[in-house]
Amino acid sequence: MARLPEYLRALHNLAEAGDDTVSSEGLAAAAGVNSAKLRKDLSHLGSYGTRGVGYDVALLIDQIEFTLGLTQRRAVALVGVGNLGHALAGYAGFASRGFRIAALFDADQARVGEPINGLNVRHISDLAVVAAAESIAIGVIATPAAAAQDVADALVAAGVTSILNFAPCVLSVPEGVDVRKVDLAVELQILSFHEHRKSSLTALPGGLSSPNGLAATGTEEAVGS
Ligand SMILES: NC(=O)c1ccc[n+]([C@@H]2O[C@H](COP(=O)([O-])OP(=O)(O)OC[C@H]3O[C@@H](n4cnc5c(N)ncnc54)[C@H](O)[C@@H]3O)[C@@H](O)[C@H]2O)c1
């Protein structure tokens with residue numbers, strides 16, 4: 001499932017470039033996976049491609065969007081319109097990926113009423129009313145960690161059952177509520193680990209460096225997956 005959004009992004013790029021079909025090798029390279037894995041993934045969707053032709057780009061987009069539930073554009077509420085929240089609220093790319101930022105909330109009265117990307121920031125106390133009116137499906141938390149659990153509780157009370165949490169803390173939510181966490185510091189720490197491992201592989205006992213430049217091979221993981 002985590003690879004499907006990568007295939008979808010690559011397929012949209014191909015469609016924009018005017019490509020009607022793509023080989024499994026071409027799509028695998030564009031999505032950064034190996035082609036055997038891609039063929040196996042797509043076979044689970046019932047998509048096998050045509051020998052010598054490849055996959056129909058538009059059809060595969062439809063199949064992946066259907067599988068990911070993207071045929072319906074989901075409404076997103078963003079809570080916490082500070083530095084990060086401003087950047088997220090102003091990002092135009094969500095719409096083309098199937099999401100509509102439908103409401104912005106903050107607890108700071110000084111921010112309430114501020115227009116960002118066609119929406120006015122609302123006070124967090126309006127969350128329940130707005131969530132019902134806008135059929136909010138996903139809540140994004142971009143508040144300080146100390147406020148995040150209260151915000152998550154308010155989102156759940158307002159009927160939101162999917163939360164994307166940017167605050168560096170663990171949220172406790174009732175069963176049936178899905179939480180995904182994005183933490184760039186964790187990703188940096190993982191890269192730091194790889195850096196550390198590479199330098200210890202090149203270091204010889206006694207603190208000398210390997211003359212052959214022996215190094216670990218590169219790895220790539222999707223941020224947030
Ligand atoms: N996940 C990541 O990779 C990543 C990267 C940067 C920042 N962060 C985190 O994102 C969060 C926001 O960072 P920032 O730099 O934008 O902070 P910020 O202080 O600029 O903004 C936080 C906003 O949340 C609002 N807020 C506070 N309590 C609230 C509440 N109960 N309800 C609604 N709004 C409330 C504040 O008024 C403020 O506008 C922090 O938790 C930070 O650690 C995460």
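These legends walk through a few close-up views of a predicted model.

Residues are numbered from 1 along each chain as its sequence is written. Because the model is predicted, local features need pLDDT of at least 70 and side-chain atom pairs count only at pLDDT 80 or more, while totals for chains, interfaces and linings use all residues.

**View 1. The shell around the ligand.** Here we look at the 26 residues around the ligand, of which G80, G82, L84, A147 and L184 come nearest. A residue counts as near if its C-beta atom, placed from the backbone, lies within 6 Å of the molecule. Two or more residues each come from α5 (83-89), β4 (99-106) and α8 (145-157). The largest share, 4 residues, belongs to α8. Helices (H or I, at least four residues) and strands (E, at least two) are DSSP runs, numbered from the N terminus. Sorted by class, the shell holds 16 nonpolar, 5 polar and 5 charged residues. Nonpolar here is Ala, Val, Leu, Ile, Met, Phe, Trp, Tyr, Cys and Pro; charged is Asp, Glu, Lys and Arg; the others, Gly among them, are polar.

**View 2. Helix α1 packs with helix α4.** Residues 4-16 make up α1 and residues 57-67 make up α4; the angle is about 145°, with the axes 10 Å apart. Axes are lines fitted to C-alpha atoms over the stretch in contact, and angles run from 0 to 180 degrees between N-to-C directions. On the α1 side you'll find L4, Y7, L8, L11, H12, L14 and A15, which meet V57, A58, L60, I61, I64, E65 and T67 in α4. Contact means C-beta atoms, placed from the backbone, within 7 Å. By class, this contact has 11 nonpolar, 2 polar and 1 charged residues.

View 3. In the model, the end C-alpha atoms of residues 69-170 lie 26 Å apart, and the span is 31% helix and 30% strand.

**View 4. Where to be careful.** The chain's mean pLDDT (the predictor's confidence in each residue, from 0 to 100) is 89, and 90% of its residues reach 70 or more. Over residues 213-219, though, pLDDT stays under 50. Where pLDDT is low, the predicted coordinates should not be read in detail.

How values were computed: Contact = placed C-beta atoms within 7 Å.
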